[in-house]
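Open the model in your viewer and keep the selection tool ready. The tour goes stop by stop.

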Amino acid sequence: MQQQKILIKELEIGGRMMQLETGRVAKQAGGAVLVRYGDTVVLVNATMAQKAREGLDFFPLTCDYEERLYAVGKIPGGFIKREGRPSEKAILTSRLIDRPIRPLFPKGMRNEVQVIALVMSVDQDNPPEMAAMVGASAALHISNIPFNGPIGAVIVGRVDDKFVINPDVKNAEKSEMHLVVAGTRDAVMMVEAGAREIPEEIMLDAIMFGHEQVQKIVEFIEDFRREALELGLAKEKYVPALAEIEEDLEAAITTRAMEEIKNAVQVCIAKQLSKKDREAMLDQVKENLLLEFAETYPEQEQSIINILESVEKKVVRRFILFDRVRIDGRALNEVRPISVEVGVLPRTHGSGLFTRGQTQVLSVATLGAISEEQILDGLGVEETKRFMHHYNFPPFSTGETKPMRSPGRREIGHGALAERALEPVIPPEEKFPYTIRLVSEVMESNGSTSMGSVCASCLALMDCGVPIKAPVAGVAMGLIKEENEFAILTDIQGLEDHLGDMDFKVAGTAKGVTALQMDIKIAGIDRDILQQALRQATEGRMHILAEMTKVLAQPREELSPYAPRIIHTVIDPDKIRDVIGPGGKIIKKIIEETGVDIDIEDDGRVFIAAVNPDAGKKALSIIQTLTKEVQSGEIYRGKVVRITDFGCFVEIVPGVLGLPGKDGLVHISQLAHERVDKVEDVVKEGDIIEVRVIGYDNQGRLKLSRKDVIPVPEGFEKEKPRDRDTGRRPRNSNNRRSNNNKPS
């Protein structure tokens with residue numbers, strides 16, 4: 001039997017060793033790499049179909065990040081007890097893997113490629129998403145799949161003004177940013193970040209710092225492939241049949257189509273046509289050209305369509321790159337007209353309608369009790385989330401008809417980006433004890449709806465009265481690049497996104513960046529392009545913030561009348577059982593009686609959510625009554641509930657919900673200063689009297705005194721206590737003879 005060959009190589013990343021291994025498992029995959037980073041283990045496989053898929057006009061790449069709960073020693077919840085649909089974190093990580101590698105496959109390739117990252121063990125100090133991204137690059141590189149990589153990827157944090165690579169849990173909690181940088185040896189391919197209002201200059205430095213580490217990983221993966229080839233563990237690259245167009249056909253059509261489409265674009269620019277009118281005009285021109293050339297080339301219809309699309313792309317790009325004019329007539333750094341409205345929905349807790357050109361988003365804010373926070377059943381440290389943003393993209397927003405299904409990867413990605421942009425300004429639970437949900441509904445789409453949802457959601461939060469730290473706005477930047485010439489576009493619309501080379505979204509406050517995301521379609525960009533894009537993004541963001549704050553400059557002072565009021569109190573953790581009661585009996589009674597929602601934390605924090613303020617106060621009063629700890633020396637006004645020969649019982653804490661209150665005994669000797677022969681001479685059942693708590697007896701029962709809180713009668717002389725040995729009261733001092741006066 002042939003001896004098994006295994007290749008293992010190590011590289012230090014962020015002060016810890018990352019290990020790549022191939023040859024031991026999954027040997028039938030196109031390329032399989034087992035990545036170990038600390039105790040985090042991820043198996044990444046890359047496989048390609050042998051034949052190209054017919055009829056496709058795009059590259060069929062699928063990236064799946066598969067979480068297994070055994071990786072953190074958990075059994076899945078629910079009845080079935082196995083993993084179901086991927087978590088939001090898994091979907092976002094799948095996108096992280098996809099975005100930097102997709103531009104590096106040969107143009108025109110139609111063989112289906114699938115990358116699967118299987119998370120098998122998780123050490124929280126060593127992020128599995130980074131292991132998966134590096135593993136995907138390595139698996140593709142050692143496989144037979146055509147790939148113009150490899151890439152590397154790292155997380156950059158900033159702790160105590162210093163950049164940290166792949167921060168552990170402790171540093172991640174203190175970090176001012178969570179920045180993912182992926183790229184090749186020569187250029188940055190993808191950036192994604194959440195930050196606490198970081199200045200653009202620092203963000204740029206962080207990106208370049210991350211790219212330095214990326215270059216080391218790229219070199220490491222290249223060495224890994226070389227050694228794998230020597231051991232027969234890597235494959236020679238397959239040469240695919242690329243979808244190409246005949247040169248003669250392309251030349252014949254391009255010359256004729258260029259002039260027609262150029263004239264149409266000039267009309268669009270001159271008349272500043274809307275998206276629909278512009279599309280109608282360009283589609284009509286291309287349809288006429290298709291009919292004309294289809295007569296000469298009847299079997300080349302799809303090729304003709306592709307050539308016409310290519311010509312349109314070239315024309316629009318040249319107007320931008322050389323004439324410095326965009327198809328809607330704007331300058332390169334100009335933001336489309338903005339319209340802002342708040343409070344557009346009368347019964348919601350807060351709403352904001354943000355319109356920028358023909359992109360329009362309506363966002364709605366809803367407040368709930370802490371118990372309504374989202375439960376996370378995943379591999380991360382966090383188990384719950386109290387701030388959520390959800391993004392919906394219905395087909396009518398683009399004037400189309402499509403089936404309405406559950407959110408896809410794009411919707412989840414856009415929702416997470418806006419959530420990341422707003423999270424740094426959300427008040428902490430201690431200051432604002434609410435669960436907050438935002439929903440962004442795209443009303444119209446013509447580019448950058450994700451940044452539109454950031455603006456609309458910020459308006460909804462302020463309309464709701466959420467005391468956010470500062471307003472947040474977002475803008476999407478584009479890029480047109482031909483060799484050494486490039487143009488940065490502010491606030492790109494749909495056509496510029498489709499025909500351009502970059503989609504760079506930047507969100508933040510007036511102080512700095514809170515989130516950014518960059519996707520590119522070319523083989524990377526350098527520092528100069530990034531710097532100019534960030535500078536223009538700052539100008540665009542400030543303009544948008546100014547338009548937003550004209551309508552609503554700061555959060556409303558009062559919450560919506562339809563939003564619940566949260567009353568926060570703290571009780572002794574030992575008293576929690578007194579509020580909950582056996583089987584939850586008492587807390588259910590409180591909720592039924594008042595109509596509020598009650599959340600009790602293990603540390604004794606109590607949150608009462610009530611739309612009706614009086615109901616909230618009533619619930620608070622009941623809880624305070626149930627948990628009231630009676631202290632010695634306190635004075636109470638109570639009701640006489642029972643008379644006995646030796647005193648009376650006074651209820652000082654009334655009962656609630658049919659439960660008995662707290663009472664204590666006023667002994668007959670504590671009813672008055674003077675001697676009392678009969679209790680009824682002083683009090684009667686039902687009387688309201690003031691008493692002081694003077695302690696507890698041996699059985700833990702309260703002892704009360706009325707005598708301690710009433711004035712001493714005029715002329716009354718308090719009796720001296722009896723001598724324990726003789727039982728006699730001492731004589732007054734003025735009748736007692738001093739030893740100094742004894743006769744000799």
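Which residues in α5 meet which residues in α6? Select A252, I253, R256, A257, E260, I261, A264, V265, V267 and C268 in α5. Contact here means heavy atoms within 4.5 Å. These residues divide into 13 nonpolar, no polar and 5 charged. Nonpolar covers Ala, Val, Leu, Ile, Met, Phe, Trp, Tyr, Cys and Pro; charged covers Asp, Glu, Lys and Arg; the others, Gly among them, are polar.

This is a predicted model: local features need pLDDT of at least 70, side-chain atom pairs count only at pLDDT 80 or more, and totals for chains, interfaces and linings use all residues. Residues are numbered from 1 along each chain as its sequence is written, and side-chain values use heavy atoms, with hydrogens and water left out.

Now show both helices whole: α5 is residues 247-271 and α6 is residues 275-296. Helices are DSSP runs (H or I, at least four residues), strands likewise (E, at least two), numbered from the N terminus. The two helices pack at about 160 degrees, axes 10 Å apart. That makes α5 roughly antiparallel to α6 (an angle over 145 degrees).

Next, go to P150, in the loop between α2 (128-142) and β7 (152-159). A cis peptide bond joins G149 to P150, with omega about 5 degrees.

Move to A26, in the loop between β2 (16-22) and β3 (31-37). Its phi is positive, about 55 degrees, although A26 is not a glycine.

Finish at D161, between β7 and β8 (162-165) in a loop. Phi of D161 is positive too, near 65 degrees. Most residues other than glycine have a negative phi.

How values were computed. Axes are lines fitted to C-alpha atoms, for helices over the stretch in contact, and angles run from 0 to 180 degrees between N-to-C directions. Angles under 35 degrees count as roughly parallel, over 145 as roughly antiparallel, 65 to 115 as roughly perpendicular and the rest as oblique.
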